[in-house]
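Visitor: Could you walk me through this one? I'd like to start with the contacts between chains.

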Amino acid sequence: MTPLLKVENLSIRLPEGADREFAISNVNYDLLPGEILCVVGESGSGKSMTANAIMGLLPATIEVNRGTIIFDGYDLVSLEERRARALRGNRISMIFQEPMTALNPLMRIADQISEVFLIHTDMTSKERETRTLALLEDVGLPDPEKMMRAYPHQLSGGQRQRVMIAMALALEPSVLIADEPTTALDVTTQAQILKLIKDLQKKHNTAVMFITHDFGVVAEIADRVVVMEKGIMVEIGSRDEVLNNPQHSYTQKLIAAVPPLTAPERISHKQSDRTPVLSVNNLYKTFSTGGSWFRKGRVVKAVDNVSFDLYRGETLGLVGESGSGKSTVSRCVVRLLDSDSGEIVLGGSPIQLLKGRDLAPFRKRIQMVFQDPYGSLNPRKTIGQIIADGPIAQGMSPKDAMAKAVELLELVELPAAALDRYPHEFSGGQRQRVGIARALAHDPEVLVADEAISALDVSVQAQILDLIETLKKRLNLAVLFVVHDLRVAAQVCDRVIVMQRGKIVESGNTRQVFVSPNHAYTKSLIASIPGAHWRSGKDAKPPIPQEVVA
Amino acid sequence: MSIKILLYIAGRAVKGLLVLLVIAVFNFFLIRAAPGDPAQVMAGEAGATDEVFLQQLREQFGLDQPLYYQLWVYINNMLHFDMGITYRQQMPVFDLIMDRMPATLLLTGAAFVLSLLLGVLAGVVAAAKHRKWPDSAITVAALVFYATPLFWLAMMASLLFSVYLDWLPSFGMQTVGEDFAGWDKVRDIGIHLVLPAATLGLFFTAVYARMTRTSMIETSRLDFVKTAKAKGMKPSRVLYRHVLRNALLPVVTLAGLQAGQLIGGAVLTETVFAWPGIGRLMFDALFQRDYNLLLGVFFISSAMVVLFNLITDVIYCVVDPRIEL
Amino acid sequence: MNIIKTLSQNKVAMVGFAVLVMLILVAVLGPYVYEGTPWKMVQRPFIPPFENSSYLLGTDILGRDVLAGLIYGTRISLLVSFVSTVIALLIGIPLGAYAGYFGGWVDEVLMRFTEIFQTVPSFALAIVLVAIFEPSVYSITGAIALVSWPPVARLVRGEFLRLRNQEYVLAAKLNGQSNRNIILKEILPNSLSPIIVLASLMVATAILLESSLAFLGLGDPEIMSWGYMIGSSRTVIRQAWWLSFIPGVAIAVTVLALNLLGEGLNDALNPKLSGKRES
């Protein structure tokens with residue numbers, strides 16, 4: 001088969017002062033008609049660079065250094081801008097990662113889509129309208145007539161991504177580039193969007209270049225796979241070859257780090273004869289938004305009658321999609337948010353109403369590890385200060401607190417030299433270790449991990465999960481693990497609670513919930529996990545590669 | 001929908017009225033905080049020696065009554081647009097201000113429109129030619145005008161265009177001694193308007209130009225602009241159809257906020273060009289130490305700003321569909 | 001530090017900085033060079049600049065030395081603008097910090113209060129205040145401070161609103177840190193850069209305000225200032241244009257220097273707009 005698009009010896013130079021000279025160097029691959037080619041890599045691998053070069057969307061400071069991108073006999077690298085524009089959005093189109101920001105907030109949906117016709121065709125306005133309506137129907141948007149007149153802010157993330165897809169496929173391009181189009185979406189929405197892309201791709205025989213970091217997504221939709229590492233293409237092959245028999249060590253490492261979906265058998269704790277360290281009973285929390293003098297705001301029940309117990313030495317997973325209330329529960333539990341009603345009992349004492357001085361002694365018994373490795377450390381404090389601040393606030397002398405910080409750094413496998421350095425000198429994974437050390441500085445009984453690994457690359461995720469698991473055993477911690485990624489939940493949680501719209505819909509032993517879910521929502525969640533069929537049989541946890549600690 | 005808008009406007013108007021109430025109370029206490037007898041303070045330089053007039057003031061404002069009663073009288077008077085009488089002109093303060101209002105509205109309105117159009121245009125050009133010479137030229141010009149004192153610019157402009165070149169009148173609103181009517185009158189006022197409006201407008205042109213440029217550059221880095229480029233749209237069209245409207249939203253907000261400054265600037269411009277508006281009135285009141293008139297002008301100009309902000313709010317919720325009413 | 005390095009590479013900002021340093025030197029050392037008072041009549045009036053070597057910039061309507069006036073004017077301009085900016089920061093920062101950090105009704109009350117000050121036409125308010133409390137260095141500085149703080153409060157509030165939900169701030173709460181500690185040690189240091197930039201621009205605005213007040217005759221009658229020099233020679237602009245021209249240039253140069261420095265600081269501290277983006 002003659003390739004539609006041929007990337008040859010492509011090198012893209014980064015501006016001076018970047019961490020490496022080339023964003024990508026010497027990349028070669030083809031895109032065949034009607035195939036889905038997945039370009040996989042971690043952040044910083046340069047996986048989006050080629051796509052941006054194809055679309056002429058490289059920032060002004062970055063330029064193609066060498067190589068060609070041949071499409072339809074033209075070299076897109078050297079093609080005259082006017083003629084390249086005629087191809088963009090017409091023969092080659094693109095959808096992006098962030099559906100929330102990818103649409104113009106001030107323009108109606110119909111206008112944004114029909115703009116494509118306006119640019120590339122001489123359709124009349126009537127024709128444009130008809131075609132736009134048909135497109136909105138094609139991508140499965142409800143009430144297309146109404147959608148035409150809607151503004152982006154009135155649509156959900158998934159709906160906006162559908163609009164983007166409609167826009168991209170408006171002129172039935174031969175190539176569709178999808179740059180992490182489902183990364184910002186919830187798992188059930190992701191499943192729908194992936195299915196939509198695949199269906200439309202089949203229907204129109206479009207070639208799709210799909211950029212992703214998620215091997216589950218690769219397993220779900222790819223025909224062929226390209227693996228990128230630090231700007232270099234390390235592996236290319238068919239999906240089954242790459243996924244089941246990876247050749248390059250980097251690919252092997254990445255795939256090994258993907259948690260298998262099957263929850264391992266765990267020794268069940270005899271909970272009946274133990275007292276829970278944390279009990280949450282009938283917790284409620286509502287948020288009201290946008291009220292003013294003249295009208296009532298919307299009221300959202302973020303937490304709706306939630307109860308659970310947490311025991312020492314176990315990991316309890318709180319899973320659900322965005323808006324399920326799982327994070328709100330965790331924030332109420334650590335008393336960052338005040339709950340409306342219900343009881344939070346920590347070590348036998350109700351803490352839901354305590355304030356200020358009365359709350360302080362309980363603060364150290366329940367600590368939190370946060371999501372964002374960049375936002376969770378004060379950029380103007382040294383690592384030592386960050387860790388020692390807590391014990392000092394609780395009355396420890398600064399000298400002892402610093403000594404403790406050194407011990408904690410060792411515990412989280414960071415060198416003592418980190419003490420006097422600032423957060424920006426560390427990688428995401430290392431910062432997350434600092435965050436854990438900070439939480440442990442209080443010798444807590446309960447550790448709440450709020451999406452603590454979601455912002456990390458998959459190989460780093462595995463290391464942090466491993467660290468938390470080790471620490472849990474060593475310190476006999478009770479861990480409340482808030483997580484949207486079901487693969488992770490399956491691997492690390494002893495028990496899980498599934499939440500939807502503020503309510504608990506299902507809870508129980510992890511393996512049991514994953515093998516035979518009862519509630520329809522749990523079933524749909526599990527069914528939506530991309531690449532569920534892949535690696536589901538492997539029970540053994542793969543060996544975790546060690547991050548080199550600087 | 002329309003009821004929602006009306007309710008919204010009503011809410012805003014109530015807020016504005018509350019602001020004015022606070023300003024009125026503030027004015028009331030300011031008079032009492034000034035050194036000397038409040039009646040004399042109010043009467044101004046000229047009236048302070050006229051015992052009859054002082055007595056009249058004392059009665060009108062209940063100055064021999066307890067403070068809370070005085071406040072009540074004062075607020076009540078304000079509600080009836082009664083701000084007392086100026087001694088020199090022997091005219092109610094409110095009438096005097098309203099008499100001068102059209103001239104100020106004409107001046108500030110012209111300056112506002114001019115500076116907004118020119119400023120946005122300059123900002124757009126600078127952003128479109130980011131890091132090229134037109135950008136540098138506009139940025140430098142904006143910086144210079146932003147740094148130049150308004151009153152000085154006004155004086156230099158009148159020196160150049162009236163004294164040396166003799167192109168434009170530098171004084172007043174109409175030619176003294178002529179009694180134009182119809183179009184001739186419009187033309188005459190127009191000619192007189194050029195210098196005051198241009199000098200008042202230039203500073204704000206600089207403000208809007210800088211703001212528009214920054215806003216355009218920031219907006220052009222947003223994701224939806226990438227989407228527009230990926231559609232194969234011409235850069236100029238991306239700028240016009242997608243960047244501009246989004247970039248103008250913060251400029252609208254700023255324009256509303258600047259209304260107050262525009263009136264402040266009018267005091268200086270009207271003083272330099274002897275433009276018969278409320279700014280000039282304020283200067284005269286200063287000169288004659290007629291504090292009642294001074295505070296009257298201050299109150300009315302605050303009221304104008306409140307009104308202006310209200311208009312901006314309404315415009316904003318028409319332009320931005322995300323504003324939920 | 002990094003910021004100083006970035007700033008020192010910005011030539012335009014460095015020019016602004018150099019001019020500012022020079023002006024400060026003039027303000028501090030000037031009175032030692034030109035002893036006595038700038039109000040003294042030293043020669044016949046209306047000597048044009050560069051004509052009499054001992055009065056380089058000539059004399060004004062009353063035969064006072066223009067250069068001496070200019071030098072003393074530098075003092076008052078810089079003094080009033082710096083002090084009023086510091087006062088405005090002292091009002092605006094705590095107000096904005098409390099509003100942004102605590103939110104809820106505290107925010108509501110403080111912001112309504114700020115809104116009133118922001119609605120009032122600031123120059124008109126300054127005029128009224130100075131007029132009623134009699135023109136003096138204190139009333140002028142106070143009035144300028146009083147009309148300049150609302151933008152500070154709004155900026156600081158915005159920064160605090162943005163930063164108070166940053167995870168490191170939440171972590172500090174979980175540590176049991178006091179609100180005071182969180183405000184002063186966690187949030188404020190991270191919101192300083194935009195405050196510094198704003199402050200440099202506020203000094204510039206304050207200079208314009210001070211000179212405008214003096215121009216209208218609301219300057220301290222004891223102190224020679226640029227605005228007064230322009231205002232007092234307004235009536236003789238046809239005969240002696242340079243008398244208004246020269247102090248105006250002084251104002252423009254000073255304000256421009258401050259703005260350039262502010263722009264440079266902005267580029268160095270908030271690299272968002274400087275064009276150097278991460279890939």
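Visitor: Which residue of chain C forms a salt bridge with Arg289(B)?
Guide: Arg289(B) pairs with Glu134(C), and their closest N and O atoms are 3.7 Å apart; a salt bridge here is a side-chain nitrogen of Lys or Arg within 4 Å of a carboxyl oxygen of Asp or Glu. This is a predicted model, in which local features need pLDDT of at least 70, side-chain atom pairs count only at pLDDT 80 or more, and totals for chains, interfaces and linings use all residues. Residues are numbered from 1 along each chain as its sequence is written, chains are lettered from A in the order in which they are written, and side-chain values use heavy atoms, leaving out hydrogens and water.

Visitor: How many salt bridges does the rule find across the interface of chain C and chain B?
Guide: The rule finds two.

Visitor: And how much area do chain C and chain B bury between them?
Guide: About 4300 Å², of which 76% is on carbon and sulfur atoms; buried area is the accessible area (1.4 Å probe) that two parts lose on being put together, summed over both. The contact (heavy atoms within 4.5 Å) takes 43 residues from chain C and 50 residues from chain B.

Visitor: Changing topic, which helix gives the most to the nonpolar patch on chain C?
Guide: That is α2(C), with eight residues, where helices are DSSP runs (H or I, at least four residues) numbered from the N terminus. Val21(C), which lies in helix α2 of chain C, belongs to this surface patch, whose residues have about 1100 Å² of accessible area together.

Conventions:
Patches are made of residues with over 30% relative accessible area and no salt bridge: like charges are joined within 9 Å, nonpolar side chains (Val, Leu, Ile, Met, Phe, Trp, Tyr) within 5 Å. Accessible areas come from the Shrake-Rupley method with a 1.4 Å probe; for residues, only the protein chains shown count as cover. Helices (H or I, at least four residues) and strands (E, at least two) are DSSP runs, numbered from the N terminus.
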